[in-house]
Amino acid sequence: MGRLIVVRHAKSAWPDVPDVERPLAARGLRDAPAAGRWLLDHELVPDRAICSPARRAAATWELASSQWPQVPPVVHDPRVYEADADGLVDVLREVAPTVGTVLLVGHQPVLAELVLALADRDPAAPGAAARDADLDRIREKFPTSAVAVLATAAPWPRLRPGTAGLIHFAVPRG
């Protein structure tokens with residue numbers, strides 16, 4: 001079973017620079033390490049990471065992963081910066097089937113769209129009520145530094161909408 005960890009970049013500042021160059025704000029500098037600690041505390045350190053090349057996403061990755069005893073390989077993929085949900089699924093389909101846990105650091109609104117597209121809403125599944133409440137929270141708002149964790153039995157090359165189950169949703173704060 002594979003796990004997909006979807007992390008929205010931490011809170012960014014709004015200086016007069018191109019969007020891709022926006023840095024983290026003071027709150028983002030506190031929250032990004034908290035997201036990394038939350039993942040470590042829940043034994044969710046990834047095997048691989050895919051990160052938007054935007055400065056705020058790359059900084060979120062660096063600060064979160066600095067909380068782990070060993071940092072997995074990361075690819076800063078420019079497609080993550082501008083992709084729609086289908087484009088992100090295409091990026092994830094390129095992950096080798098032998099990789100167990102993948103972390104994706106990106107942007108809104110596409111991250112919520114990705115999670116909502118991948119998540120199965122089987123009402124008979126264990127924990128369906130809690131899962132549906134979390135999916136409703138994601139639909140309403142996927143805040144900065146939020147972490148959504150999905151499990152899928154499909155190998156990455158066969159990832160499709162509805163083939164994953166949401167197992168965690170958290171908004172760690174520093």
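Analyst: Happy to; below we take the labels one at a time and set each value against its definition. This is a predicted model, in which local features need pLDDT of at least 70 and side-chain atom pairs count only at pLDDT 80 or more, while totals for chains, interfaces and linings use all residues. Residues are numbered from 1 along each chain as its sequence is written, and side-chain values use heavy atoms, with hydrogens and water left out.

User: What makes up the secondary structure of the protein, and how is it assigned?

Analyst: There are 6 helices and 6 strands. Helices are DSSP runs of H or I with at least four residues, strands are runs of E with at least two, and both are numbered from the N terminus. Read in that direction, the order is β-α-β-α-β-α-α-β-α-α-β-β.

User: How do you know that the radius of gyration agrees with a compact globule?

Analyst: The rule is 2.2 Å times the number of residues to the power 0.38, and the radius is taken over C-alpha atoms. For 174 residues a compact globule would come out near 16 Å, and the protein has 15 Å, so the two agree. The C-alpha trace spans about 50 × 30 × 30 Å along its principal axes.

User: What share of the contacts with a separation of 6 or more joins residues 24 or more positions apart?

Analyst: That share is 74%, where contact means heavy atoms within 4.5 Å.

User: Which side chains count as charged, and how far apart are the centres of the two sets?

Analyst: Lys and Arg count as positive and Asp and Glu as negative, with His and the chain ends not counted. That gives 20 positive and 21 negative side chains, with centres 3 Å apart. Each charge is placed at NZ of Lys, CZ of Arg, CG of Asp or CD of Glu.

User: Why is R56 called buried?

Analyst: Buried means under 20% relative accessible area, exposed means over 50%, and partly exposed lies in between (1.4 Å probe, protein chains only). R56 has a relative accessible area of 5%, so R56 is buried. This arginine is found in helix α2, and beyond four places in sequence R56 touches H9, S12, D19, V20, R22, P23, L24, Y81 and H107. The other buried residues of α2 include A57, A58 and W61, and the buried residues of this helix pack against β1, α1, β2, β3, α3 and β4. Across the protein, buried residues make up 50% of the 174.

User: Why are P53 and P73 called partly exposed?

Analyst: P53 has 36% relative accessibility, so P53 falls in the partly exposed class. P73, with a relative accessible area of 48%, is therefore partly exposed too. P53 is in the loop between β2 and α2, and its contacts beyond four places in sequence are H76, D77, P78 and Y81. The C-alpha atoms of P73 and R48 are 5.3 Å apart, although 25 residues separate them along the chain.

User: How do you know that the span of α1 is close to the expected one?

Analyst: The expected span is 1.5 Å times one less than the number of residues. α1 has 16 residues (26-41) and reaches 23 Å from its first C-alpha to its last, close to the expected 22 Å. Its buried residues include D31, P33 and W38, and what covers the buried residues of α1 includes β1, α2, β4, β5 and β6.

User: What makes E43 and S145 stand out in phi, and is each buried or exposed?

Analyst: Phi of E43 is near 55°, a positive value in a residue other than glycine. Phi of S145 is near 70°, likewise positive in a residue other than glycine. E43, in the loop between α1 and β2, has a relative accessible area of 67%, so E43 is exposed. S145, in the loop between α6 and β5, has 1% relative accessibility and therefore counts as buried.

User: Which peptide bond is cis, and what is its omega?

Analyst: The bond from Q108 to P109 is cis, with omega near 5°. P109 is in the loop between β4 and α5.
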